[in-house]
Amino acid sequence: MDQGEEGDEEEAWLRLRPVEPLPSQCCGSGCSPCVFDVYQRDLARWEAARASKDRSLLSRERHSCPSKLSPETFLAFLISAVDRLTKDTYLVRFALPGNSQLGLRPGQHLILRGTVDDLEIQRAYTPISPANAEGYFEVLIKCYQTGLMSRYVRSWKAGDTAFWRGPFGGFFYKPNQFHGSFARLWKPLPKYTL
Ligand SMILES: Cc1cc2nc3c(=O)[nH]c(=O)nc-3n(C[C@H](O)[C@H](O)[C@H](O)COP(=O)(O)OP(=O)(O)OC[C@H]3O[C@@H](n4cnc5c(N)ncnc54)[C@H](O)[C@@H]3O)c2cc1C
C-alpha cells in the first residue's frame with residue numbers, strides 16, 4: 001500500500017470512530033448501560049477492529065423492523081401513525097414485525113435518540129400500549145415549546161423511522177403487590193370530643 005492509500009485508509013477509519021457523547025446526550029434517568037458506557041464499548045470495538053484491520057468487527061445498527069429491543073444498541077422502528085391529541089401531546093405508534101410483542105414490563109421505559117441542529121440528544125419515554133400488544137407499541141409524548149426532543153417529535157409523520165434502545169427500569173409494577181400491607185399499617189384515629 002503506498003502512502004496515499006495509507007492516508008485514505010486512516011481517514012476512513014477515523015470517520016468510523018465513535019463520537020464521544022456530549023453531556024446533553026445523557027437523558028439523566030440512570031440507564032444501564034448509559035450513553036457513556038455504550039460509547040466506551042463502541043470505542044473498544046473500534047480500536048480492536050482497527051488493530052486487526054477488520055471492519056466487520058464494528059457494530060452496525062440494524063435498519064430492519066426489529067421485534068426485540070437492545071439496551072445497548074439503538075434500533076430503528078417504523079412510525080406507523082402519529083395522532084396529535086392536544087396542541088402539545090402526540091400519540092405515536094411504532095410497528096413491530098408480524099404479531100410480535102415489545103416485551104416491556106409495566107414501569108419500564110425506553111430511550112429515544114434524536115438529532116436537532118446537528119446535536120444528538122437522548123430522552124426517556126414510557127410506552128403506554130399494553131405489554132402484550134401485538135405488532136406495535138405506542139408512546140404518548142408531551143412536547144415543550146423550548147424542548148429539543150420536542151422539536152424532533154413534532155416533525156414526525158407516518159413512514160418515518162425513530163431509534164430506540166431499552167428496556168430500562170427495575171421498579172416493576174405488580175398488581176396488588178402491597179395488598180394488605182397498608183391495611184395493617186392503618187390505625188383508626190383516636191376520637192376527640194369537645
Ligand atoms: C423514566 C422517564 C420516562 C419518561 N416518559 C415520558 C413519556 O412517556 N412521555 C413524555 O412526554 N415524557 C416522558 N419523559 C420526559 C422526557 O424524557 C423528556 O424529558 C421530555 O420529553 C422533554 O424533553 P425535551 O428534549 O423536549 O426537553 P428539554 O430540551 O430537555 O428541555 C427544555 C425545556 O423544556 C421544558 N421541559 C422539559 N421537560 C419538562 C417537564 N417534564 N415539565 C415541564 N417542562 C419541561 C422546560 O422548559 C425545559 O427547560 C420521561 C422521563 C423519564 C426520566
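Strands here are DSSP runs of E, at least two residues long, while helices are H or I runs of at least four, and both are numbered from the N terminus. Two strands pair if DSSP finds at least two bridges between them. This is a predicted model, where local features need pLDDT of at least 70, side-chain atom pairs count only at pLDDT 80 or more, and totals for chains, interfaces and linings use all residues. Residue numbers start from 1 along each chain as its sequence is written.

Q: Which residue in β5 is the bridge partner of Val92?
A: Val92, in β2, already stands opposite Val82. β2 also joins β5, antiparallel, through seven bridges. In β5, the partner of Val92 is Val139.

Q: Which are the edge strands of the open sheet?
A: The six strands are ordered β4-β3-β6-β1-β2-β5, with antiparallel pairing. An edge strand pairs on one side only, and that picks out β4 (119–125) and β5 (136–142).

Q: How many residues surround the ligand?
A: β4, β5 and α3 (148–154) each supply at least two residues of the shell. Among the closest are Ala124 and Tyr144, where near means a C-beta atom, placed from the backbone, within 6 Å. The total around the ligand is 17 residues.
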